[in-house]
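Visitor: I'd like to learn how to read a structure like this one. Can you walk me through it?

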Amino acid sequence: MSPKKGKRSGSSKMKSKKSQSPTPQGKTGHPEDIFPLTLTSATQNLFGCQIDEDVTAQSPYKLLKKDDIMQDIKTRAAVSDFSPAKQIVLDYPEEEILLVFDSEFTFGQSFYLVLSPEAKNRILKLPETETPEVLENEVDTARKPKQWVSLGSEKEIEEESVKEREPLVFTFSRKRRFFGLPVSFSDNITPISQGFPSYEDNRRFIPAMLTDCGTQAVPKVQSSTAQTNWLGKRNNSTHYEPRDLSEEEKEVILQSDSMKEFLRGVTPRMLHALQQEEIFNLFTDDLKDLGADVEDDNEPDLSKGLELFKTFTDPSKGKKISSVNWHPSINGVIAVALKMQREEESDSEEDLSLTDPKFIAFYSFADLSKPQLLLECPADVVVFEFCPSNPNIIVGGCANGQVALWDISAEVTFLTQPGSEKVPANPFDLRKEQTPEVLYSAASEIESSHKAAVTDVQWLPPTFEVTRTGLPVENTSKLCVQVITCSPDCTIMFWDVRLPKQAGLSLFQRPDQNTPMTRYIVPKTFKHLDRTWKPLFKVSFQKMDGSGVYAPLKLSFEPYPGNAEAGSWSAEDFLDYSQLRIPSAKELKTLEDVNTKIFIGTEEGEVVYTDWKLEKDEFGLVHCPKPLFSFSTHDFMVYAVQRSPFFKDIVLTVGTWNFAIWKEGVMEGPLHVSKFSVENCTAGCWSLTRPAVFFIGKDDGSMEVWDLLENTNGPSQVHPGIISGTIICIKPWIVSSKQHFLAVTNDHRVVRILEISKSLRTPTSNESSRMEEHFEWETKYVKEFDRRKKVWAKEKEEQELKKETKPAKPVLTPAEQEELDKKEYGEFLKLEESILKGLGLWPKPDHSDKKN
Amino acid sequence: MKVDVEGTLKRIESYKGVIGTIVVNAEGIPIRSTLDNSTTVQYAGLLRHLAAMARSSVRDIDPQNDLTVLRIHSKKYEIMVAPENNYLLIVIQNPCE
């Protein structure tokens, strides 16, 4: 509202005029004795109260004569500035009236008249105190500023200056119903959504008068293709065969002279080359031959032998481990057979532990604290084996002579995912946390089983099966269906897990209510065999010297490889065992080349090599064959009989104090017998990867590693204290090419898994062929020795014969004997004399040491 | 010197380590062989060119020189080719190991 004070030097006329421009006419409160008015410049000139000349902010007071004002009013009438104050001036009592320059416009105008004398005095009193300022003002006003002459620049300045405009007044009306309502104004902050359309630029571009243009020379020739009909012939394919000469022509050529010439020239050269090639291998790699390993040597072989990998103990008390086996297909699962620990052998069949369940426990590497699966057995299991063609079938030989079968196909998930939620199979089973138990699917008839504990059980390979007379025949089902068991009751029995044809009828008669409500779900796989399982046939072997029968403890037969296709077995081909039937013997083809001979280790330490085929003697009766040889190499029980996995005719037998290696076909004796050792050897097994290495376990818990190529006299490594107690069983297993394990159990329920170090699992170069040579030499040696023994025996006989035919020497009496002696002494003295004379030393000196 | 063709060939064929022997004429037709027909034809056809090329290389380097025996030692066995008088004798031998 108030104009800038700095522009006072400007157009005071305009300013004052502007200040006269319509201002809000609301005269709000000014004291009664003050009358504001404005004076034009003309008036100011007349009265001498020009702004900034006579009257300034510092000295705003000007006394005006009343008469002058009245004069002005009369002369100028309405135009006079004082006209509104005419009455006031007339009323004014005194002569002089005060005019104050109101620079701040306190009362709305630039001047005001003071109407009452009292106010005048009051106000005038103030300038008396401000006299020094008046003096200053006088000094200032002495110097008059120059009059500003307008040269037109004020127009430019005005144009450039920023002035406040009068407020924009918008008049609008509202809707009738909003009348009287409070008004609310707000900013509109919506963005401008209006686009900016392009428009034609009406500026003209510079037209191009010149453009650059390129030219190319193009040949007039242009290539194009067209398809034509090929009327000529074209060879698509040729069928040819090599040219050949007829037989006569060949003969002619062979006999021709040119051929002779040719051979004459070529033969010496060729023979020379052949000979060179034969004697010397030009391309031997010496480093490779030294046995540098091809595999990465980043892993240093820290341990020379066996490292402990894991160890676990079966938590059940009062039991011993009798046998251990690795699960053939599931990695890291090991099965342990437990039997009752008895302080002394009880003769009676019934013992206290009949009510306790007997188990085979499965342990998985993932959780070794407790078993993952338990197989219940009718009696203590001494040995058991997984079926090679179906690892879910397990056959076990019990301590009471029975043979039992298990089928764990339903529970195999517990082994593959150990630790998973164990859902009890039976809803009535209240024991939720227990490990799952599987009852045996079938157990053999007690009367027809062995009479003593079954000490060895083995599956026959799926390549052949055996008839009732022991003839090996072709196995059409390509599965393992037969089992051999042996027992110290002097029999070996062959069992078939399939249903015999005749028993088909009797099954239907057996009612199903006989089976009580068991806690477990029994798989029906072998239901056909349960309680009626009889062996296919039995064999027992008479001792060679006729003094009895052998009591076999362990046996080993030659695995018949059969056809290549027999080995391939897939899960889809698996037939339900209950559907299989034993075929009649006539239908099957006899396999002639199956080796039906077995090695048996007996209780008394003999190793017997015999045939199991039942023979017909001259009367047409079938009887057990005589053994081919038997040697008492071991003096006590034979603990292990095992074939080498590399050579199918080499067998290792471990007796109590020594072990022996046999070769099939060598009737003269074992290839190699070890020295007697102090501790009992209780277990033995071949290494799975090295042909020359095998492990022997001892009574004191130590293990020997034998390497036949390194040292045949003693073990190459001895690991004492592998496990406490007696080693019962050693079983090797290969998990991967870098992890080979050996499971060792003792009789105190501890199982130790040892990792076989690299040196023990990688075969040395040509180990297999060297072993073969070694065995050949041993065979030759044995044969040679045998031959020589016979020769010596013959010679001895001849000598004895000679001695008998010679006349007997006359027996001399003691006196005659003495005479004879004296005579001999005399002869000796003479001899001595003659010699010494010859040497020139006679007479002989007294010292006996000086003689020659 | 009387050369007994049969005897000589038998000697070579029964040498230690020899797997097979082939006698080939100038046109590459096998005259006599201890291997089966298809193998013989294959060997004869392939080795004929190789022997000719080897011979020409040797003679190119030194015209006075001539190829006596071409020996190809491979991983499994050794093949020896001896040219002479328009015929070719091929012997396959197992090297000593």
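Predicted model: local features only at pLDDT ≥ 70, side-chain atom pairs only at ≥ 80, totals over all residues.

Visitor: What area is buried between chain A and chain B?

Guide: The size of an interface is often given as the accessible area lost when the parts come together. Buried area here uses a 1.4 Å probe and is summed over both parts. Between chain A and chain B it is about 3,300 Å², with carbon and sulfur atoms giving 68%. On the chain A side, Phe262(A), Arg269(A) and Glu277(A) lose the most area to chain B, together 20% of what that side buries. Counting contacts (heavy atoms within 4.5 Å), 31 residues of chain A meet 37 residues of chain B.

Visitor: How many salt bridges cross the interface of chain A and chain B?

Guide: The rule asks for a side-chain nitrogen of Lys or Arg within 4 Å of a carboxyl oxygen of Asp or Glu. It finds 4 across this interface. One of them joins Lys16(B) to Glu278(A), with the closest N and O atoms 3.9 Å apart.

Visitor: Is Pro30(B) buried or exposed?

Guide: Buried means under 20% relative accessible area, exposed over 50%, partly exposed in between (1.4 Å probe, protein chains only). Pro30(B) is buried, at 7%. Leaving out residues up to four places away in sequence, Pro30(B) touches Asp244(A), Lys250(A), Ile22(B), Val23(B), Val24(B) and Thr40(B).

Visitor: Why is strand 18 of chain A largely enclosed by the rest of the structure?

Guide: Strands are DSSP runs of E, at least two residues, numbered from the N terminus. In strand 18 (residues 482-487) of chain A, 6 of the 6 residues are buried, so the rest of the structure largely encloses it. In a regular strand the side chains alternate between the two faces of the sheet. Here Gln482(A), Ile484(A) and Cys486(A) are buried on one side, and Val483(A), Thr485(A) and Ser487(A) on the other.

Visitor: Which strands pair with strand 18 of chain A?

Guide: Pairing needs at least two DSSP bridges. Strand 15 (residues 456-459) of chain A pairs with strand 18 in the antiparallel sense over 4 bridges, and Trp459(A) stands opposite Val483(A). Strand 19 (residues 491-496) of chain A also pairs with strand 18 in the antiparallel sense, over 6 bridges, and Cys486(A) stands opposite Ile492(A).

Definitions and conventions: Residues numbered from 1 in each chain as written. Chains lettered and ligands numbered in written order. Heavy atoms only, no water. Buried area = accessible area lost by both parts, 1.4 Å probe.
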